[in-house]
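Please consider the structure shown below.

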Amino acid sequence: MPEIESLDLNKQSVKIKWQNFLKKRGISNFADNEITNIDTTIGLFEANSLIATGSIAGNVIKYVAVENETNESKGALFNKIVSALVSCLANQGIFHIFVFTKPEYSKTFEHVGFSLLATSEKGVILEKGMPDINSYLMAINASSKLENKKIASIVMNANPFTKGHRFLVEQAALENDLVYVFVVEQDVSLFTTNERVKLVKQGVSDLTNVKVVLGGPYMVSFVTFPAYFINSPIDIIDYQTTLDAQIFKNWVVPQLKITSRYLGCEPFSKTTKRYNEILQQQLSDVISIKIIERKMIDAQIISATKIRLAIKETDLLLIKELVPLTTFKFIKNNLNILQERIQKGQKINGN
Amino acid sequence: MEIKKSALAGTLESSDVQILLSPATDGITIDLQSDVKKQFGDQIEETIKKVLLSYKIENVHVKVVDKGALDMVIKARTITAVQRALDIVDEPQWEVL
């Protein structure tokens, strides 16, 4: 019975063996941004040759492959590898796990307790453990009185919340009975997740039919849509946004009885523009997609990118013009902290 | 006793069972996946509930992936998961065993 061993990919000889093994089994993406975030890689050996392997990056299982011709059945090797990865994650206190894999391996993972979240031609995404998407959506606690009502949704990073965001939410609030504002939960932006949520809540507190909630790992996160945060080629953006849109369509829309999604028209970011296009393609058969023109102030478009640049350059006048008073007060009171974050290397020109 | 943190025990290998306990507030819910659910589903859930009861756990969410484990294996894995969830791995409750 082969034993689980950990593989040290920093050793070039080990890494080459490992890559060759995966390549032979159809896994060929060894881009730097895929490899560098791997925390653990394990393998099973038989007579000194690798017969199964799998890796962990954060809470995502990757690079799982199994040899066909061994003494043990392929299924047994697969289950052994996945068990070891799941236990390893549990030891770190991670009980909610994701896996991206090719559509043909979806069933294999479902057989060991994963459930399918979304499918695209190139790949599928599955999750296992708790809290899962059902418990996430249950916690939002959709009111049962909302049958046949108009329920809008907006997903925003709000880094930070501007008059543009406010305009978008206002439009939706006017045209609907209820508006869910999902704030991106991934904490990698200039404004922390707590700050972003607080500013959104303060900025819409007068709109009684707006509910602000966190997007969990299911909306624009490192799990569903890492390209939002990391510059990526267009085919990767297409693939990830499709999965992000599918999760929204398959789970969020039916559970919360959402009838529309509002998008801000995107003149600047290539990634967000493509995301909008894919959302339209994927969602327009189940809900209506409303694209709202960007709000202009004195012939200039409001964008959070502009605000972040103004923070760097201490241009408080411009900031005051483009954000609601609540956001302005926060920026003014925390200018030093924000500028310090930028100095320490926080990127401000992305999303 | 109250489950305050999640805990996992067992593997996904043949003849074993993997049990994940998570905090909950609305009683005991068991989410069972098994090839023999039709034949033995009730019995598996019964075994798990008995262990939870003996630890006086009233609120917990249990995810079970069964790979054809025998009753005693299910019992052992559940006990391990409970002891881990309650942070009492070093102090087994012999009266439960």
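The side chain of A:E127 forms a polar contact of 2.7 Å with the side chain of A:Y218; such a contact is a pair of N or O atoms within 3.5 Å, of which, within protein, one must be able to donate a hydrogen and the other to accept it, and residues adjacent in sequence count only if both atoms are side-chain atoms. This is a predicted model, in which local features need pLDDT of at least 70 and side-chain atom pairs count only at pLDDT 80 or more, while totals for chains, interfaces and linings use all residues. Residues are numbered from 1 along each chain as its sequence is written, chains are lettered from A in the order in which they are written, and side-chain values use heavy atoms, without hydrogens and water.

A:E127 belongs to strand β7 of chain A, residues 124-129 (strands are DSSP runs of E with at least two residues, helices runs of H or I with at least four, numbered from the N terminus). Although A:E127 is buried, it has no salt bridge, and the nearest side chain of opposite charge, B:K63, lies 6.3 Å away. Buried means under 20% relative accessible area, with exposed over 50% and partly exposed in between (1.4 Å probe, protein chains only). A salt bridge requires a side-chain nitrogen of Lys or Arg within 4 Å of a carboxyl oxygen of Asp or Glu; for charge, Lys and Arg count as positive and Asp and Glu as negative, whereas His and the chain ends are not counted.

The largest pocket holds about 1,400 Å³ of space. A pocket is an open set of points on a 1 Å grid over the protein atoms alone, with protein on both sides within 12 Å along at least five of seven lines, and lining residues have an atom within 4 Å of a point; a cavity is a set where a 1.4 Å probe fits but cannot get out. Grid points are joined across faces, edges and corners, and a volume is the space filled by probe spheres set on the points. Of the 44 residues lining this pocket, A:N29, A:E34, A:K62, A:F100 and A:Y239 lie nearest its centre. β4(A) gives the most to the lining, with 7 residues. The structure also holds 1 cavity of 30 Å³ or more, and the residues lining the largest cavity are A:H111, B:Q33, B:S34, B:D35, B:D66 and B:K67.

A:Y262 lies in strand β11 of chain A, residues 260-264. Why does A:Y262 count as buried? A:Y262 does so because its relative accessibility is 1%. Its side chain joins that of A:N176 in a polar contact of 3.0 Å.
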